[in-house]
Amino acid sequence: VQLQASGGGLVQPGGSLRLSCAASGSIFMIDDMGWYRQAPGKQRELVAIITRGGSTNYADSVKGRFTISRDNARNTVYLQMNSLNPEDTAVYYCNTVTITVNNYRRTYWGQGTLVTVSS
C-alpha cells in the first residue's frame with residue numbers, strides 16, 4: 001500500500017491550505033485515516049483522525065480550525081486547514097490503517113508534505 005500526500009506549501013498567517021492523501025495498492029479495506037505532524041525539534045503528534053464511519057478526533061491545538069474528511073470510494077483523506085499560524089509549521093504525514101482479507105491490521109505512512117506558515 002502506498003500513500004501519496006499533496007497540498008503542502010507556504011502560506012501567510014491566517015491563510016488556508018488543503019492537504020490530500022490517496023492510498024493505492026493492494027487494499028481490502030481501510031479503517032482509520034489520519035494526519036500527524038512533526039515540527040523541527042519536536043516529536044510527531046496527532047493532528048486529526050477519522051474512522052471509516054466518519055467519526056473524528058482532533059488535537060486541541062487545531063480544533064475549530066482544521067477539518068478532516070475522507071472519500072472512501074477514492075481511498076483518500078483530506079485535511080482542510082484554516083486560520084493557520086506559525087505554530088502549524090511542520091511536516092504533515094498521512095496515516096492509514098488497513099484491514100487485510102485475513103483481518104490483520106496494517107499501518108502505513110505517507111512521505112510527508114511540508115507546511116510553512118510565515119509572512
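**Close-up views of a predicted model**

View 1. C21 is buried, with a relative accessible area of 0%, where buried stands for under 20%, exposed for over 50% and partly exposed for what lies in between (1.4 Å probe, protein chains only). C94 is likewise buried, its relative accessible area being 0%. This is a predicted model, in which local features need pLDDT of at least 70 and side-chain atom pairs count only at pLDDT 80 or more, while totals for chains, interfaces and linings use all residues. Residues are numbered from 1 along each chain as its sequence is written, and side-chain values use heavy atoms, with hydrogens and water left out. The sulfur atoms of C21 and C94 lie 2.0 Å apart and form a disulfide, a term that applies to a pair of cysteine sulfur atoms within 2.5 Å. The link of C21 and C94 is right-handed, with 45 degrees about the S-S bond. Because C21 belongs to strand β3 and C94 to strand β9, the pair ties together parts that are 73 residues apart in sequence; strands (E, at least two residues) are DSSP runs, numbered from the N terminus.

**View 2. The open sheet that contains β3.** Four strands form an open sheet in the order β1-β3-β8-β7, with antiparallel pairing, where two strands pair if DSSP finds at least two bridges between them. The edge strands, each pairing on one side only, are β1 (2-6) and β7 (66-71). Within this sheet, strand β3 (residues 17-24) and strand β8 (residues 76-81) pair in the antiparallel sense over six bridges, and C21 stands opposite V77 in β8.

**View 3. The hairpin of β9 and β10.** Strand β9 (residues 90-99) runs antiparallel to β10, and five bridges join the two. T98 stands opposite R106 in β10. The hairpin has five residues between its strands, and N103 in the turn has a positive phi of about 70 degrees.

**View 4. The aromatic pair of Y36 and W109.** The rings of Y36 and W109 have centres 4.9 Å apart and planes at 65 degrees, so the pair is edge-to-face; rings of Phe, Tyr and Trp (its six-membered ring) pair if their centres lie within 6.5 Å, and planes under 30 degrees apart count as stacked, over 60 as edge-to-face and the rest as tilted. Since Y36 lies in strand β4 (residues 29-38) and W109 in strand β10 (residues 105-109), the pair ties together parts that are 73 residues apart in sequence. W109 is partly exposed, with a relative accessible area of 39%.
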